Amino acid sequence: MNKFNLQQFAVAVSGKKIIYLFRLLSKAQSEAGSILAFVTENGRTKSRDADTTATKDGSVRTPGAVETEITCSSLMAKGDKMLDKLESALDSNEIIEIWEANLEEAGTGTNKFKGMYFQGYLTEFEKTSNADESVEISLTFGINGTGVKGDVTVTTAQQEMASYVFKDSVAGA
């Protein structure tokens, strides 16, 4: 009996293909989710602490709640309104909606991609400005719950911002 190694057919997902969109929950009726310009890195971490109780038979572990954190680093774009909104949300303790979309995994429908939806708070906003480099922004979001899987709409314009898309040399292309 032949066994196939399915791993040999696997293709790694490029980091540029995982994007995040953000929106203040209070703007859900009037604004769409937006991506940040010049993102250099995103991350999502899930962790669970556990308490240990010593017993006569050995240690017993009691798991705590899952904690989810999302991070984002980007170069600061001149006039970026989303960064202003996010910093204000930190100051006023506003809930932020976050969508994680995998542009390598098509969802059901036009401009739909497999992803996740989260709500949480911006817990850290750091602006670093070195003399010889571009201004860098680092964001950390503390997520309520663990998120929900689903299809995320990413407009053609947002896809183009996330990665270069071929354009022809003729006018209007």
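**Close-up 1. Alanine 32 and its contacts in the predicted model.** Once neighbours within four places in sequence are set aside, alanine 32 has Phe22 and Arg23 as its contacts. Alanine 32 sits in the loop that links β1 to β2 (39-55). With a relative accessibility of 58%, alanine 32 counts as exposed, because the cut-off for that label is over 50%. Alanine 32 and leucine 21 are 11 residues apart along the chain, and their C-alpha atoms are 9.0 Å apart in space.

**Close-up 2. Arginine 23, a buried residue of strand β1.** Strand β1 covers residues 18-24, arginine 23 among them. Here the relative accessible area is 13%, so arginine 23 falls under the 20% cut-off and is buried. Its side chain gets to within 2.8 Å of the backbone oxygen of glutamate 31. Skipping residues within four places in sequence, the contacts of arginine 23 are Ala28, Glu31, Ala32, Gly33, Ile96, Glu97 and Trp99.

**Close-up 3. Strand β1 beside β4.** Six of the seven β1 residues are buried, so the rest of the structure largely encloses this strand. β1 pairs with β4 (residues 96-106) over seven bridges, in the antiparallel sense.

**Close-up 4. The six-stranded open sheet.** Read across the sheet, the strand order is β1-β4-β5-β6-β3-β2, with antiparallel pairing. β1 and β2 are the edge strands; each has a single partner, so one side of each has no neighbour in the sheet. On average, neighbouring strands are turned by 35 degrees against each other, direction ignored. At the β2 end, β2 and β3 pair over 15 bridges, again antiparallel. One of the pairs there is aspartate 51 with threonine 62 of β3. Helix α1 lies across β1, β4, β5 and β6, and runs at about 70 degrees to β5.

**Close-up 5. The surroundings of leucine 139.** Leaving out residues up to four places away in sequence, leucine 139 touches Leu36, Ile70, Thr71, Cys72, Leu83, Leu86, Leu122, Glu124 and Phe125.

Technical notes:
Residues numbered from 1 in each chain as written. Predicted model: local features only at pLDDT ≥ 70, side-chain atom pairs only at ≥ 80, totals over all residues. Heavy atoms only, no water. Helix = DSSP H or I, 4+ residues; strand = E, 2+ residues; numbered from the N terminus. Buried < 20%, exposed > 50% of the residue type's maximum accessible area, 1.4 Å probe, protein only. Polar contact = N/O pair within 3.5 Å; in protein donor to acceptor, adjacent residues only side chain to side chain. Contact = heavy atoms within 4.5 Å. Pairing = 2+ DSSP bridges. Axes fitted to C-alpha atoms, helices over the stretch in contact; angles between N-to-C directions.
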